[in-house]
Amino acid sequence: MQELGLKSTDASVESLGIKNAIVHWNLSPEKLADISTENDMATRADNGAISINTGNFTGRSPKDRFIVKDSITEDAVWWGDINIPFEADKFDQLQEKMVEYLSGKEIYVRDAFACADEQYKMNIRVVNEYPWSNMFVYNMFLRPSKEELENFKHEWLVINAPGFLADPAVDGTRQENFAILNFSKKIALVGGTGYTGEIKKGIFSALNFILPHQKNTLSMHCSANIGDSGDTALFFGLSGTGKTTLSADPKRKLIGDDEHGWSAENTIFNFEGGCYAKVIDLSEEKEPDIFRAIKPGALLENVVFKSGSNEVDYEDGSITENTRVSYPLYHIDNIAKPSVGKNPKNIFFLTCDAYGVLPPISKLTPGQAAFHFISGYTAKVAGTEAGITEPVTAFSACFGAPFMPLHPTKYAEMLSKKMQDAGVNVWLLNTGWSGGSYGTGSRMSLKITRALITAALEGKLDSVSYENHEIFGLAMPTECPDVPTEVLNPKNTWEDKAAYDTKANSLANAFNKNFEKFAAGANQEILDGAPKAK
């Protein structure tokens with residue numbers, strides 16, 4: 001067995017059951033990129049990044065994500081359509097098949113960390129079938145030093161084999177692809193899909209169980225940055241709401257763009273060592289930090305080149321609208337080192353409201369904050385998923401339900417207590433439509449959104465007057481520096497005020513209908529944060 005690159009002391013894959021493999025240990029991203037292009041698995045773009053196609057799956061497959069139901073998880077996990085139980089013996093069977101499949105192959109192994117706070121750091125080993133998948137792991141997780149690798153012992157193991165297909169009739173899966181967590185064995189299996197996000201979100205899901213349930217630390221699907229004065233800001237939001245874009249602020253240092261913990265010691269820490277950003281319609285003008293981070297070492301997924309060239313056509317969504325790039329945090333100049341901050345002073349809940357109902361910014365009471373956090377509202381618009389031609393209301397509890405093994409109220413209660421203890425300002429920010437619904441109104445400009453965030457961060461909204469939204473009860477500022485006054489109350493931007501009221505009532509009813517499944521576990525303050533449809 002040939003082993004290349006740095007390896008750690010317990011670094012034998014044979015102990016995992018993988019026999020006679022050619023094992024590449026902790027190769028550099030440059031070497032992994034070369035191997036990928038030399039084997040025609042990737043193409044080098046003219047910006048120096050490599051581009052790959054993830055195959056049949058260009059996004060996560062939530063219905064094929066499972067958690068082994070055993071003594072650790074049985075009474076703790078919120079079982080249902082999101083957290084689907086899996087039998088322990090079926091997991092063992094699949095694991096055995098996967099290691100047999102990888103035996104005799106050329107494989108790529110990487111040792112990495114999750115969690116930038118030393119007290120919560122998790123040691124992870126990832127076994128990849130493909131070199132570009134291993135490059136993704138290098139980009140997205142925290143990278144050990146040479147000295148740390150010498151004494152590295154993994155706590156969690158990820159086995160990733162896109163070419164291995166399960167037999168649903170035998171293996172207990174829904175179809176040939178799967179992503180399964182086993183908290184007793186501390187192993188994640190990802191097979192049948194080349195979409196790299198399954199690796200990242202598998203570890204995120206594990207941390208979303210371990211940290212709140214076992215370590216009294218809140219795990220969050222959010223981005224974070226920090227100002228020169230040490231003030232931390234968090235940005236919660238579902239895909240497409242601007243979480244990555246808005247946290248990459250040239251005036252503030254980026255802590256991370258997607259996954260963070262809020263510890264009992266009042267630190268905010270990044271789980272990751274990189275960014276995984278959408279690149280559909282990317283331009284240097286709109287998102288300079290992300291655009292400039294796409295260079296040698298970056299991994300592009302499912303993009304299309306302009307005809308006859310190796311120049312990426314970021315406007316082309318013919319493979320998928322979910323085109324992506326992964327890159328290490330150090331590809332961005334303005335980052336926090338280490339990726340840790342203190343208690344946040346401001347939290348922003350981002351929503352892309354395609355109905356043009358919600359204000360561009362509003363200040364939330366503690367009850368409203370808990371209600372909107374549990375709701376996790378946004379709207380999917382045409383182009384985001386196959387078959388969507390009109391806006392579709394979407395709710396995802398805690399702004400990340402697919403990755404949350406515990407009941408949403410667990411995370412909401414922890415967040416609410418931490419927000420009140422820290423005296424945080426909580427804002428609801430609509431990055432969606434103004435002046436009408438999708439198709440009639442227009443998308444909120446990035447310039448206005450950034451001005452609203454800047455005003456909130458700099459305390460310029462502390463002394464202005466507010467008016468309450470008549471249906472949602474949200475406190476809307478009546479003025480804001482560098483923002484036209486007429487856009488601050490969304491009803492003012494609609495020509496047909498009666499049509500606005502109809503749409504607002506419809507959205508309020510959708511919020512309340514969605515919240516019915518959480519109402520029994522919510523206190524009166526949270527229930528009072530709900531909109532009042534007329």
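The largest cavity holds about 130 Å³ of space. This is a predicted model, so local features need pLDDT of at least 70 and side-chain atom pairs count only at pLDDT 80 or more, while totals for chains, interfaces and linings use all residues. Residues are numbered from 1 along each chain as its sequence is written, and side-chain values use heavy atoms, with hydrogens and water left out.

What do I mean by a cavity? On a 1 Å grid over the protein atoms alone, it is a set of points where a 1.4 Å probe fits but cannot get out. A pocket is an open set, with protein on both sides within 12 Å along at least five of seven lines. Lining residues have an atom within 4 Å of a point. Grid points are joined across faces, edges and corners, and a volume is the space filled by probe spheres set on the points.

Across the whole structure, the search finds four cavities of 30 Å³ or more. Back to the largest. Its lining has 17 residues, and Arg-65, Ala-179, Glu-198, Lys-201 and Gly-202 lie nearest the centre. Which element supplies the largest share of that lining? Helix 6 does, with four residues. Helices here are DSSP runs of H or I, at least four residues, and strands are runs of E, at least two, numbered from the N terminus.

Now the second largest pocket. About 350 Å³ of space lies in it. It is lined by 21 residues, and closest to its centre are Asp-249, Pro-250, Lys-251, Arg-450 and Thr-454. Helix 11 (446-457) gives the most to this lining, with five residues.

Next, the packing. The largest nonpolar core has 99 residues. Such a core is a set of buried Ala, Val, Leu, Ile, Met, Phe, Trp, Tyr and Cys residues joined through side-chain atoms within 4.5 Å. Buried means under 20% relative accessible area, exposed over 50%, and partly exposed in between, with a 1.4 Å probe and protein chains only. Phe-236, Trp-262, Ile-347 and Phe-349 have the most contacts inside this core. Helix 6 gives the most to this core, with eight residues. Another core, of 27 residues, lies apart from it; Val-13, Met-98, Leu-157 and Ala-166 are among its members.

On to the rings. There are 31 aromatic pairs in the structure. Rings of Phe, Tyr and Trp (its six-membered ring) pair if their centres lie within 6.5 Å; planes under 30 degrees apart count as stacked, over 60 as edge-to-face and the rest as tilted. Take Phe-472 and Phe-511: the centres are 5.5 Å apart and the planes at 80 degrees, so this pair is edge-to-face. Phe-472 sits in the loop between strand 28 (466-468) and strand 29 (475-477), and Phe-511 in helix 12 (residues 497-515), so the pair ties together parts 39 residues apart in sequence. Both Phe-472 and Phe-511 are buried.

Last, the backbone. The peptide bond from Lys-337 to Pro-338 is cis, with omega near -5 degrees. Pro-338 lies in the loop between strand 19 (324-328) and strand 20 (340-342).

Asp-40 has a positive phi, near 60 degrees, and is not glycine. Is Asp-40 buried or exposed? Asp-40 counts as exposed, at 70% relative accessibility. Cys-115 also has a positive phi, near 85 degrees. Cys-115, though, is buried, with a relative accessible area of 0%.
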